[in-house]
Amino acid sequence: MCTGKCSKCIGITLFPLAACAIVCNILLYFPNGQVLQLNEITDLVWFFHGILGAGILVILPAFMMLGAGGAGCCANRCGMLLSVVLAVLGFAGGTYCVVISSLGLIGGPLCDTGDGEYLYPFRNDTLEGNYLFNQTTWSICKEPENIILWNIILFSILLAIGVIEAILCFIQVVNGLAGFICGTCMRKRKMNISGM
């Protein structure tokens, strides 16, 4: 496969992933569809790991990847080199999303434990007693309803999206370097050799 075609495939794949990451991050602001006060929203949501990290920082290289396989010898090589630089940015965005999502899963949500005060009841737990592995502890959170399940699902989706995006951007770094060094497609060279 040509490095230009590979670049386009990766770029096309990154768009829906980035859109899903943005939507998941926005949904974290509305647990169970409820509008909460700003101080009642889990703090890690404010790091914009889905909107900025797995969203905007990945959409930028995706646009470049689509254009990297365009016509013209010099333009292809320069486009591939620029796609490498932006793919590193996308890799950083995906990795950022993975780190923040992991912290969100480990630390748990901000919730009302029944006394009207919002706090993080699962932070500083050991891994053995972690709420992720012990569903019976989920009943400690009274409000917002289903906040634990809401956070687990959305942070897990963002974690998976971040991993996939980081892998795809790393593949594009390798692909882009190959395209820059060797050219974007071997078909033109084969046609020139056979025509001699």
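Which helix gives the most to the nonpolar patch? The question is taken up below, after the overall fold. The structure is a predicted model, in which local features need pLDDT of at least 70 and side-chain atom pairs count only at pLDDT 80 or more, while totals for chains, interfaces and linings use all residues. Residues are numbered from 1 along each chain as its sequence is written, and side-chain values use heavy atoms, with hydrogens and water left out.

The protein chain has five helices and two strands, where helices (H or I, at least four residues) and strands (E, at least two) are DSSP runs numbered from the N terminus. Along the sequence these elements follow the pattern α-α-α-β-β-α-α. Of the 196 residues in the protein chain, 42% are buried; buried means under 20% relative accessible area, exposed over 50%, and partly exposed in between, with a 1.4 Å probe and protein chains only. Among contacts with a separation of 6 or more, 77% are accounted for by residues 24 or more positions apart, contact meaning heavy atoms within 4.5 Å. Accessible areas come from the Shrake-Rupley method with a 1.4 Å probe; for residues, only the protein chains shown count as cover.

A nonpolar patch on the surface is formed by Leu38, Trp46, Phe48, Leu52, Ile56, Leu60 and Leu89, with about 620 Å² of accessible area together. Patches are made of residues with over 30% relative accessible area and no salt bridge; like charges are joined within 9 Å, and nonpolar side chains (Val, Leu, Ile, Met, Phe, Trp, Tyr) within 5 Å. Helix 2 (residues 49-68) gives the most to this patch, with three residues. Leu38 is located in the loop between helix 1 (3-27) and helix 2 and is exposed, at a relative accessible area of 62%.

One disulfide is present, a disulfide being a pair of cysteine sulfur atoms within 2.5 Å. The bond joins Cys111 to Cys141, with an S to S distance of 1.9 Å. The link of Cys111 and Cys141 is left-handed, with -55° about the S-S bond. Cys111 lies in strand 1 (residues 111-112) and Cys141 in the loop between strand 2 (118-119) and helix 4 (147-182), so the pair ties together parts that are 30 residues apart in sequence. Both cysteines of the pair, Cys111 and Cys141, are buried. For Cys6, the closest cysteine sulfur is that of Cys9, at 6.6 Å, which is too far for a bond. Cys6 is buried at 18% relative accessible area, and Cys169 is buried at 0%.

The count of salt bridges is one, where a side-chain nitrogen of Lys or Arg must be within 4 Å of a carboxyl oxygen of Asp or Glu. The side chains involved are those of Arg123 and Asp43 (2.7 Å, N to O). Arg123 lies in the loop between strand 2 and helix 4, and Asp43 in the loop between helix 1 and helix 2, so this pair ties together parts that are 80 residues apart in sequence. Arg123 is partly exposed at 28% relative accessibility, and Asp43 is partly exposed at 30%.

Ser101 lies in helix 3 (residues 73-107) and is buried, with a relative accessible area of 0%. Leaving aside neighbours within four places in sequence, Ser101 is in contact with His49, Phe155, Leu158 and Leu159.
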